[in-house]
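Biologist: I would like to go through how the chains of this model meet. Please take the questions one at a time.

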Number of protein chains: 2
Amino acid sequence: MQRTQFGDMACSIARTLDVIGEPWSPLILRDVWVGLNRFDQLQADLGISRKVLTERLGHLVEQGVLERHPYDNRPRYEYRLTAKGAELVDLLMVMTAWGDRWLAGEAGPPVLYRHHACGEISGVDLRCAHCGEPMHAGDVELMPGPGAR
Amino acid sequence: MQRTQFGDMACSIARTLDVIGEPWSPLILRDVWVGLNRFDQLQADLGISRKVLTERLGHLVEQGVLERHPYDNRPRYEYRLTAKGAELVDLLMVMTAWGDRWLAGEAGPPVLYRHHACGEISGVDLRCAHCGEPMHAGDVELMPGPGAR
DNA sequence: AACTTAAGTTCCTTCAGGGAACCCCAAAGG
DNA sequence: CCTTTGGGGTTCCCTGAAGGAACTTAAGTT
């Protein structure tokens, strides 16, 4: 489909989309996060075409989000989150929160998170890294940063 | 390219991708958020094909993320975030945080956020909605919820 | 030697994205 | 009144990415 590359834009959203914006990539990341680390597991769970899965895994490894790791002393590999990839899970947790709230309907959320620190079933909330107060769409003012063009 | 629909999966991530997972959609949302509300503004800023922009706007309106709003008493329309859409901006802020941290490089972040509550330049952090402690990839345990299949 | 399994690779078809040209409508200008 | 302008799309064709099934390779296993 000759898709436009977003990576060149002076925008962290566009650049992030260049890493995980392709179809399937967030779901692959989710699966690896929950312990589906191997090619055939991913393919079976997602129902994705093997060709596309190969492409996506290659891209995610190239971007440093996943690591390809040999096991069993033969040509077998499993995929693991890097630190860079683990921080992307934040994004998945926010997507989950929004989907739970707006799309789950009567049935309720398909998955629940239990927070280790407090032991409660809970979800994420966005806070200011500086003062700890809530930080959402209307709570901020945008200003040009050093990397602006 | 006959893309697979994710909306049927019992997964809030997949369902959310069905709403804003298509190429360009998050960038359209970002632009509307920062005040580019009209068709031609969006088209010029993003460099997106007019055809695809029409499709995306239609889909976002249909999903209740944007509202199409007449102005000027003639066939002119502008797009605004609904409450549902405004909460999606959380997602954009987390994408920004990750992109700033991992992809901005030497130049630094292209855009800075000033938090109204404290007046400081800051970014978002994920906290547990229940206890307020940090909540990231390793801090939670997943459990089947009521909407599981 | 034949079978199995994991991890891809190849090949073909179909449909979505890019891009440019075109269209419609309401106001403004002369 | 007639033409121009400008916003907001629609139409068309072309390319290339996603789907899907078959094939391949390399190392065990029976």
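Biologist: Which residues in H5(B) do the residues of H5(A) meet?

Modeller: This is a predicted model, in which local features need pLDDT of at least 70, side-chain atom pairs count only at pLDDT 80 or more, and totals for chains, interfaces and linings use all residues. Residues are numbered from 1 along each chain as its sequence is written, with chains lettered from A and ligands numbered from 1 in the order in which they are written. Two residues are in contact if their C-beta atoms, placed from the backbone, lie within 7 Å. In H5(B), the residues met by H5(A) are Lys84(B), Glu87(B), Leu88(B), Asp90(B), Leu91(B), Val94(B), Met95(B), Trp98(B) and Trp102(B).

Biologist: How do the residues of the contact of H5(A) with H5(B) divide?

Modeller: Ala, Val, Leu, Ile, Met, Phe, Trp, Tyr, Cys and Pro count as nonpolar, Asp, Glu, Lys and Arg as charged, and the others, Gly among them, as polar. The contact of H5(A) with H5(B) divides into twelve nonpolar, no polar and six charged residues.

Biologist: Are H5(A) and H5(B) roughly parallel or roughly antiparallel to each other?

Modeller: Helices (H or I, at least four residues) and strands (E, at least two) are DSSP runs, numbered from the N terminus. Axes are lines fitted to C-alpha atoms, for helices over the stretch in contact, and angles run from 0 to 180 degrees between N-to-C directions. H5(A) and H5(B) pack at an angle of about 180°, with their axes 10 Å apart. Angles under 35 degrees count as roughly parallel, over 145 as roughly antiparallel, 65 to 115 as roughly perpendicular and the rest as oblique, so the two helices are roughly antiparallel.

Biologist: At what angle do H5(A) and H1(B) pack?

Modeller: Residues of H5(A), including Trp98(A) and Gly99(A), meet Ser12(B), Ile13(B), Arg15(B) and Thr16(B) in H1(B). The residues of this contact divide into four nonpolar, four polar and two charged. H5(A) and H1(B) are roughly perpendicular to each other. Their axes lie 8 Å apart, and the packing angle is about 80°.

Biologist: Which element gives the most to the side of chain A that touches chain B?

Modeller: In total, 72 residues of chain A are in contact with 72 residues of chain B. The side of chain A divides into 44 nonpolar, 14 polar and 14 charged residues. With 16 residues, the element that gives the most is H5(A).

Biologist: What rotation superposes chain A on chain B?

Modeller: Copies are superposed by least squares on the C-alpha atoms of residues with pLDDT of at least 70 in both. The RMSD is 0.0 Å, with 0.0 Å of shift along the axis. The two copies are thus related as by a two-fold rotation axis. The rotation is 180°.

Biologist: In what order do the three strands form the open sheet?

Modeller: Two strands pair if DSSP finds at least two bridges between them. E6(A) and E3(B) pair over five bridges, with Met143(A) opposite Leu112(B), while E3(B) and E4(B) pair over two bridges. The edge strands, E6 of chain A and E4 of chain B, each pair on one side only. The pairing is antiparallel and the order is E6(A)-E3(B)-E4(B).
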